[in-house]
Amino acid sequence: AYDAYGYGTYIVEPGTYYLAAGENAHDALNNILAAKGVSAVQGDNTKAHLYLVGSGECEQKIREAIIRHQLQDKVHLLGNRSDVAQLYQAADLFLFPSKYEGFGTVMLEAQATALPVLASDTIPHETKLCDCVQFISLNESAMVWADAAETMLKNSKRADNTKLLQDAGYDIKTQYRMMEAFYLDKSKTEG
């Protein structure tokens with residue numbers, strides 16, 4: 001796990017790979033793919049875990065898939081959380097195999113800490129702001145996803161990418177100024 005503050009204090013057990021999936025936990029097929037990815041890497045890293053954040057109508061199907069693939073001790077459903085920033089810090093990889101995504105804000109959140117992101121190629125590529133992001137087709141096998149995850153984990157270097165996101169316009173102050181300018185301009189033209 002990533003030592004976010006450099007103090008030798010880890011949120012989870014050090015030296016293990018924890019895979020995190022974002023708010024797409026409602027899509028059972030995507031998370032089954034993620035679960036198979038964890039299963040595929042077990043030969044190389046039996047300490048790999050997948051934490052699914054979020055909830056939705058397919059949660060029961062996800063639970064059944066976890067049991068069917070015998071991954072009860074590897075895949076953990078965390079439900080909706082208010083401490084997602086801490087989970088990004090604790091994770092070693094953000095797995096985002098979404099079938100449909102309007103923008104992919106969770107990818108920006110993950111990139112803020114330079115958390116490696118392995119995402120499906122259906123995610124808008126405008127969300128890639130740093131080299132810590134790799135896109136793969138959902139048509140690829142679980143083993144291809146697992147191999148890519150292992151490569152990303154080996155080459156990962158964490159940093160604070162907040163400035164990178166701010167420079168790209170993805171911070172609350174920039175968004176506030178844009179919205180303020182938009183509505184002031186609109187009130188002048190209509191008023």
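Met-179, Phe-182 and Tyr-183 make a nonpolar surface patch of about 330 Å². The model shown here is predicted.

Phe-182 sits in helix H7, which covers residues 172–190. How exposed is Phe-182? Its relative accessibility is 45%. Buried means under 20% and exposed means over 50%. Phe-182 therefore counts as partly exposed.

## Aromatic pairs

How many aromatic pairs does a search of the whole structure find? There are three. One of them joins two residues of the patch, Phe-182 and Tyr-183. Their ring centres lie 5.0 Å apart, and their planes meet at 80°. Planes over 60 degrees apart count as edge-to-face, so the pair Phe-182 and Tyr-183 is edge-to-face.

Aromatic residues also gather elsewhere in the chain. Tyr-88, Phe-94 and Phe-96 form one aromatic cluster.

Helix H2 runs over residues 59–68. Which residues of H2 are buried? They include Ile-62, Ala-65 and Ile-66. Look down the axis of H2: its buried residues fall within an arc of 100°. They therefore line one face of the helix.

Now turn to the face of H2 that points away from the buried side. Exposed residues sit there: Lys-61, Ile-67 and Arg-68. So Ile-66 is buried, whereas Ile-67 is exposed.

## After helix H2

Gln-70 follows H2. The phi of Gln-70 is positive, near 55°.

Methods:
Residues numbered from 1 in each chain as written. Predicted model: local features only at pLDDT ≥ 70, side-chain atom pairs only at ≥ 80, totals over all residues. Heavy atoms only, no water. Phe/Tyr/Trp six-rings, centres within 6.5 Å; stacked < 30°, edge-to-face > 60°. Buried < 20%, exposed > 50% of the residue type's maximum accessible area, 1.4 Å probe, protein only. Patch = residues over 30% accessible without salt bridge, like charges linked within 9 Å, V, L, I, M, F, W, Y side chains within 5 Å. Areas by Shrake-Rupley, 256 points an atom, 1.4 Å probe, with all protein chains shown as cover. Salt bridge = Lys/Arg side-chain N within 4 Å of Asp/Glu carboxyl O. Helix = DSSP H or I, 4+ residues; strand = E, 2+ residues; numbered from the N terminus. Arc of directions from axis to C-beta.
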